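Open the model in your viewer and keep the selection panel to hand. The stops below are given in the order in which to select them.

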Amino acid sequence: MAEYSRIATGTIVSNGGQTLVVIPFTPDYIQISNRTRAIAASGVTDAWWYRNMGQGAAFRDLYGTGVQYIGQTAGTTTAALSALVGTGFSTIEAGLSLQYGPVYSHNSVATADFDIAKSGAGGTGPATTITTVTPHGLTTGNWVVFSNLAQTSTTGMNQIAGIPFMVTVSSTTEFTIFWDTSDAVYTAFDTATSTGNVGSFKKILYPVLYFPGVSFIAAITLGPTTTVQTTAPHNFVVGQQVAFRIPKIPGITPPAWGTTELNSLPNPLIPGSPIYGYVVSVTNSTTFVVNIDSTFYTAFNVVIPYLSYVGLNYPQVVAVGDVNTGGYPISAGSDLYPSPSVFNGFVTSTSVGARTINGPAIQGAYCNGTFRGFIIGSGVSGTAEDIIYWEAVMSDKNYP
Amino acid sequence: MTSPLILRSNNSQEGVLAWVSERLAVAMRQAEDLILRDYVVSAASEIMAGGGSNADNPTNLGISDFSLVATTLTTNNAYMFMSGIEGMDRFGTGPVRSAFFMLSSTELQTDFDALTGSGFKSQWEYPSNTSALPTEYGAVFNIRILTSSEAPVARGASANGQDVYYNTVLGKQALTHISQDGFSMKLIYRDPYYSGMLAQNATLAIKFAQAQALTQDTAIRNLLSTRFYGFFN
């Protein structure tokens, strides 16, 4: 009897792995029905979870097999589903930034190791490949950060350590990031053979609680307009004003990072007046175009000698100002006042972001992307593009 | 953004209510601070410290880092927060430059102390403490340092896997915090009669809505640093 309870229902498109559902409370009961799997007569058609089962657990109905139980994270389960432990449902409260997931490194779990291949020439998309020995547990759209990429004391890839990267997952043991590591200044990295077996990466749990924020630049295409590719989603929209911060690093040839003419200051024409670009089009979550004519600017490059990583400053682009470009239009089947959407580390698509819990906020302004809700884990989320109906409940009273 | 924190309590427990009210009021202000803190972490551009000696990225704070970030802000025409403090005939004190504020973690205080004699001046060495804030730890060149245990820290996120500290340096015109009309901080108490049909439970809650924005992006920088490892763990 409802004094404090909440109930919410809805539809979500599965991304084939961890699929986020944002709701304005933290549920203690979740149920899903997968329409696509039911029609196909294969896979997980239904699943449900009670809070008392623990995070990552689930009951699931596997077509043709019947009801199965997935144990909670780091818990025990039946032998038949031991590989699925922790892949059921979990609740989430994303309110504080700078939180990280478990560290993946040499023997962080039994036999764990990873290597980074020198690759990425061309700069057209995610390219540098990371291969892990054991499952990395990531989903396309997750963000990671690397540390200690020192193959020896003078070689490796520590130039990219500390940069937030969005990953594109190729398999359970392989993913790519967008950075060009083809130059000789980078040395292929392997935790199994690095000095002291150093090297690690970890997932950034809630990388976009407020947006748009600081983005790190991976590539720039010069021309009458300027195309910028970032290492992780920029969350800019058309009409957004942006400022560039491209450091000059002394003593490096070719001049790194190159395109310092884009910097908002100094302004040679109007001293003290920052130069801002307008976003004229958004190609995808990590690529946008600004209206600055950069035809004769210095080419951008990421050729940073290994030992220059100490105190290295990175090229950045930041949102500036509040540009009222209007809210999303109401359309057939949409919310009454659609909220802005965000690529928040839980979105597999690079073209359609996740809905926030805000009302009709102004696009282009800074926006709050904090959220609560639940994650449909890979053990119950079916395959990518499946249509899933869900119900979530927060009870008046829970008896442990 | 509205951020309700709700506690339920049985009635006839006035002592408990009084205690919970106090804690809730603290939580209310901390929530406000943390939201603003995380917003600044997200929105302000970054300068990696490179003047320290620990061979990390970012390095620990060196004197040149303070000079670099102050130079960046003054070149960008950012307004300083504080006028200087004129020198006085008091033993062990010295004049303090006009300054920007830097918001830092208390965990960095050992690193600041290590810069004594190289440019760091503790608040106790100011000619006069009248303009010093309660949380002010000291000053380096054109930056006065405020410390808090709630300052942002990215654990294990440096190139060498050490903690990264976000030291926010800001000019006067950089940042604004907007409390919307009718939605400033509210501590709400509903006695049991109004909180349930059976009048069994009271409701104690806080509610607020606020917005924040960078009003001038060129007047704010997050100076990222690590610690000099030997001092503190």
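Start with the contact between the chains: it takes 34 residues from chain A and 35 residues from chain B, where two residues are in contact if their C-beta atoms, placed from the backbone, lie within 7 Å. On the chain B side, select α1 (14–43), β2 (46–48) and β7 (153–154), each of which supplies at least two residues. Helices (H or I, at least four residues) and strands (E, at least two) are DSSP runs, numbered from the N terminus. With 6 residues, α1(B) gives the most to this side. Colour the side of chain B that touches chain A by class and you get 16 nonpolar, 14 polar and 5 charged residues. Ala, Val, Leu, Ile, Met, Phe, Trp, Tyr, Cys and Pro count as nonpolar, Asp, Glu, Lys and Arg as charged, and the others, Gly among them, as polar.

The model is predicted: local features need pLDDT of at least 70 and side-chain atom pairs pLDDT 80 or more, while totals for chains, interfaces and linings use all residues. Residues are numbered from 1 along each chain as its sequence is written, with chains lettered from A and ligands numbered from 1 in the order in which they are written.

Next, select domain 1 (1–43 + 179–211) and domain 2 (51–174 + 215–231) of chain B; the bounds come from an automatic or database domain assignment. Their C-alpha centres lie 34 Å apart. The contact takes 6 residues from domain 1 of chain B and 5 residues from domain 2 of chain B.

Finish in chain A with β21(A) and β22(A), a hairpin with 2 residues between the strands. Here A:Ser281 stands opposite A:Val289 in β22(A).

Definitions and conventions: Two strands pair if DSSP finds at least two bridges between them.
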